[in-house]
Amino acid sequence: MKGVIVKCLADMVTEKFGKNKWEDSLEKAGIPRTTFFLTTQDVDDALTMKVIASACEVLKITTEQAAAAFGDYWVNDFAVKVYKPFYSGLTSAKEFLLNLDKVHVITTQTIPNAHPPRFDYEWKDPKTLIMTYKSPRGLIEFFIGLAHGVGKHFHEELKITKLSSDKVEIIFS
Ligand code: HEM
């Protein structure tokens, strides 16, 4: 997975919980405390997952809590700076979410053999969107945390319900 994900996790854990906790997470994952991830490098999926799991252990939080904290930080602190152009001209959570499939293809173009998550969209009614998350990585909780982050960014009350391991219902206000 693109290194930007672990880099964002590093920034979030360091900023919210302290540098020591981040270094403890790296150590728990079996890698040097000084490891630095470049946003553009390809980080082995297994290592990315291990670092996420280790951070949860060190911080004594559940995957859901980590996903919520990461989703908020990614959308509202990190990507808003690092991927600013993807926010420009979009004025609602709906527009932002409908653009996501394209965003993931574009942002992983430089990664050899990239496998970005892909998204399908199906409208149940004019206010209710069913999004299918297509990825073998099984990070649906992160998908949900990120979608909540999008709602916060646009100051919208989104009702987000997990329907299955790959489907989420989003009701717009
Ligand atoms: C401007 C906003 C965003 C950008 C630039 C972005 C970009 C990326 C990139 C580059 C990756 C790594 C993919 C790879 O290496 O295969 C990724 C992963 C991921 N993104 Fe986004 N993303 C954004 C917002 C979102 C939002 C709002 C959601 C969900 C609602 C989302 C869901 C995910 C998930 C679940 C992953 C983990 C990888 C996987 O499950 O396969 N992203 N994103």
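**Entry 1: α1 and α4.** I started with the angle between these two helices. The model is a predicted one. The axes of α1 and α4 cross at roughly 100°, and angles from 65 to 115 degrees count as roughly perpendicular, so α1 and α4 are roughly perpendicular to each other. I also noted that their axes come within 10 Å. Helix α4 covers residues 63-82.

Next I looked up who touches whom. From α1, I listed Val-4, Ile-5, Lys-7, Cys-8, Leu-9, Asp-11, Met-12, Glu-15 and Lys-16. On the α4 side they meet Ala-69, Phe-70, Tyr-73, Trp-74 and Phe-78. Sorting the residues of this α1–α4 contact by class gave me 10 nonpolar, four charged and no polar.

**Entry 2: α1 and α3.** Which way does α1 run relative to α3, roughly parallel or roughly perpendicular? Their axes cross at roughly 10° and come within 11 Å. An angle under 35 degrees counts as roughly parallel, so that is what I wrote down for α1 and α3. In residue numbers, α1 is 4-17 and α3 is 45-59. I put the crossing down as left-handed.

For the contact, α1 brings Val-6, Leu-9, Val-13 and Phe-17, while α3 brings Thr-48, Val-51, Ile-52 and Leu-59.

**Entry 3: α4 and α7.** I went back to α4 and checked it against α7, which is residues 140-153. The two axes come within 7 Å and cross at roughly 45°. That makes α4 oblique to α7. I noted the crossing of α4 and α7 as right-handed.

Among the α4 residues are Phe-70, Gly-71, Trp-74 and Val-75. Among those of α7 are Phe-142, Gly-145, Leu-146 and Gly-149. By class, the contact of α4 with α7 has 10 nonpolar, six polar and four charged residues.

**Entry 4: the domains.** Last, I zoomed out. The domain assignment gives domain 1 as 4-61 and domain 2 as 92-171. I noted 24 Å between their centres, taken over C-alpha atoms. The contact takes six residues from domain 1 and five from domain 2.

How much area is buried between domain 1 and domain 2? I wrote down about 420 Å², with 67% of it given by carbon and sulfur atoms.

Conventions
Residues are numbered from 1 along each chain as its sequence is written. This is a predicted model: local features need pLDDT of at least 70, side-chain atom pairs count only at pLDDT 80 or more; totals for chains, interfaces and linings use all residues. Side-chain values use heavy atoms; hydrogens and water are left out. Axes are lines fitted to C-alpha atoms, for helices over the stretch in contact, and angles run from 0 to 180 degrees between N-to-C directions. Helices (H or I, at least four residues) and strands (E, at least two) are DSSP runs, numbered from the N terminus. Angles under 35 degrees count as roughly parallel, over 145 as roughly antiparallel, 65 to 115 as roughly perpendicular and the rest as oblique. A crossing is left-handed if the near helix is turned anticlockwise from the far one by less than a right angle, and right-handed if clockwise. Contact means heavy atoms within 4.5 Å. Domain bounds come from an automatic or database domain assignment. Buried area is the accessible area (1.4 Å probe) that two parts lose on being put together, summed over both. Ala, Val, Leu, Ile, Met, Phe, Trp, Tyr, Cys and Pro count as nonpolar, Asp, Glu, Lys and Arg as charged, and the others, Gly among them, as polar.
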